[in-house]
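Here is a friendly walk through one protein model, with an eye to the spaces inside it. Keep the viewer open as you read.

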Amino acid sequence: MAESTAQDFTTDFDFESPEFNERFDEVIDEFAEKCPMARSNAGHGYWVVNRWRDVRRCGQDWKTFSSARGWQLNRPEGAPAILPEESDPPYHNVWRHALDPYFGPAKLDPFASDIRRYANQLIDTFIERGECNFLLEFAAHLPGMVLFQNLFEVPLEDLPTLFGEIDLGTFGPIEGRPEHFGYVMSYVDRYLRLREGQPKRGDVIDVILEGVQKDGAPCPWEDKVATLLDVCFGGLATTTHVMGAGALHLATHPEDRRTLIEDPSLTGGAVEEFVRLYPPVIAPARYVMADVTVGGVELKAGDWIGLNYAAASRDDEATDDARRFDLHRRDVVHSAFGVGPHRCLGSHLARLELRLTFEELLRRIPDFEVKAGTGPVYETGQLRTMTSLELVFPPGARTTG
């Protein structure tokens, strides 16, 4: 990055900048290497915390760096809340204690055969053509299939609309984002009311409907809606990006692709590297509750910061030669799933979906590359997603009728 451009990003950064979207890796690497704290003058203004040590410290110190005012910097008026993401302990922890058992290995690992089946069903829709848009035909579907068929039952025909509304609520024009998230909130509200009148099924919806205690009384209905909204947001909006980014990496690094085909036991490590280097959650917000110094900057109570998970995961203090993809890396350390009490609820499910996706993709389509004349298309803000990735490969045979 040229010095003048680096100075611009360092002193006048904006997550919503189109240039940040286009030069994402360049900017994130620069932050990880040379910029402990970047400043944004957008909206109310905020600081971006880039170093691994500082991100970890702020993420763990929830009393000083609160999540209760929301994960969004310059939050649009009318944006609905999501819980427990936008709360602090002890209320946050009460919800997590209720939800965590439904997102742990004991509950999720039995879904492995179903996830493989979904992956193969999707591959069968395009394998005979010898080409696909991997995002539109695979990555945008599989996480929702798992969420809506295994964790709780929602009509799959509703998935494209919900996925689209979440995308617009995250990356669309700022002033219109609350309306799109409001659509999803209304959908989950109706679904919860429908389930409230039905027999219990022993799933996570029953737990959400049961609710938790808040200030010594049953939590309000809107908190239950906000909790399911968070589950849907996380389940639909994040894993998709890592799937696309991982497929792009393998399409453009045939030596890594061959290594994984020859030794599938390395796929779990590859997933950790994909998540570390291509995270979907770039920088959630925190609200500063007391005067404090971070990264050499004196923050005041009332300031806002963004915890730059993406840059922290590329900091050499986190792992050796952190900006290099390494299939054989041991003890991978990253912040892509968060640090502190807000560590990602669905991290085990994401890892499972990603590992099985790449195992089945490489088994069925061992040779693929990016279609000539095309390239990946991204959307970036505090989150990042890929919206298009065209791949070509030798045509293969379907495995299902």
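## A second cavity to start with

The second largest cavity holds about 80 Å³ of space. A cavity here is a set of points, on a 1 Å grid over the protein atoms alone, where a 1.4 Å probe fits but cannot get out, and lining residues have an atom within 4 Å of a point. Grid points are joined across faces, edges and corners, and a volume is the space filled by probe spheres set on the points.

The residues that line the second largest cavity are Phe 163, Ile 166, Asp 167, Thr 170, Phe 171, Leu 236, Ala 237, Thr 240 and Thr 385. Helix H10 (159-171) and H13 each bring at least two of the lining residues, and H10 gives the most, with five. Helices (H or I, at least four residues) and strands (E, at least two) are DSSP runs, numbered from the N terminus. By class, this lining has five nonpolar, three polar and one charged residues. Ala, Val, Leu, Ile, Met, Phe, Trp, Tyr, Cys and Pro count as nonpolar, Asp, Glu, Lys and Arg as charged, and the others, Gly among them, as polar.

## About the model

This is a predicted model, in which local features need pLDDT of at least 70 and side-chain atom pairs count only at pLDDT 80 or more, while totals for chains, interfaces and linings use all residues. Residues are numbered from 1 along each chain as its sequence is written, and side-chain values use heavy atoms, with hydrogens and water left out.

## The largest cavity

How many cavities of 30 Å³ or more are there? The count comes to three, and the largest cavity has a volume of about 730 Å³. Its lining takes in 38 residues, with Gly 234, Thr 238, Val 281, Cys 344 and Leu 345 nearest the centre.

Helices H5 (91-99), H9 (142-151), H13 (221-237), H14 (239-252) and H18 (347-364) each supply at least two residues of this lining. The largest share, five residues, comes from H13. By class, the lining of the largest cavity has 23 nonpolar, nine polar and six charged residues.

## The largest pocket

A pocket is an open set of points with protein on both sides within 12 Å along at least five of seven lines. The largest pocket contains about 220 Å³ of space. Of its 17 lining residues, Glu 16, Leu 73, Ile 174, Arg 177 and Gln 382 lie nearest the centre. Eight nonpolar, six polar and three charged residues make up this lining.

## A covered helix and the cysteines

Is helix H16 (residues 267-277) mostly covered or mostly open? Mostly covered: nine of its 11 residues are buried, meaning under 20% relative accessible area with a 1.4 Å probe and protein chains only. Among them are Val 271, Phe 274 and Leu 277. What covers the buried residues of H16 includes H14, helix H15 (254-262) and H18.

The structure holds zero disulfides, a disulfide being a pair of cysteine sulfur atoms within 2.5 Å. For Cys 58, the closest cysteine sulfur is in Cys 35, 14 Å away and so too far for a bond. Cys 58 is buried, with a relative accessible area of 0%, and Cys 132 is buried too, at 6%.

## The chain as a whole

The chain has 18 helices and 14 strands. Its radius of gyration is 21 Å, close to the 21 Å that the globule rule gives for 401 residues, so the chain is as compact as a globular protein of that length. That radius is taken over C-alpha atoms, and the rule is 2.2 Å times the number of residues to the power 0.38.

Buried residues make up 56% of the 401 residues.

Note on methods
Buried means under 20% relative accessible area, exposed over 50%, partly exposed in between (1.4 Å probe, protein chains only). Contact means heavy atoms within 4.5 Å.
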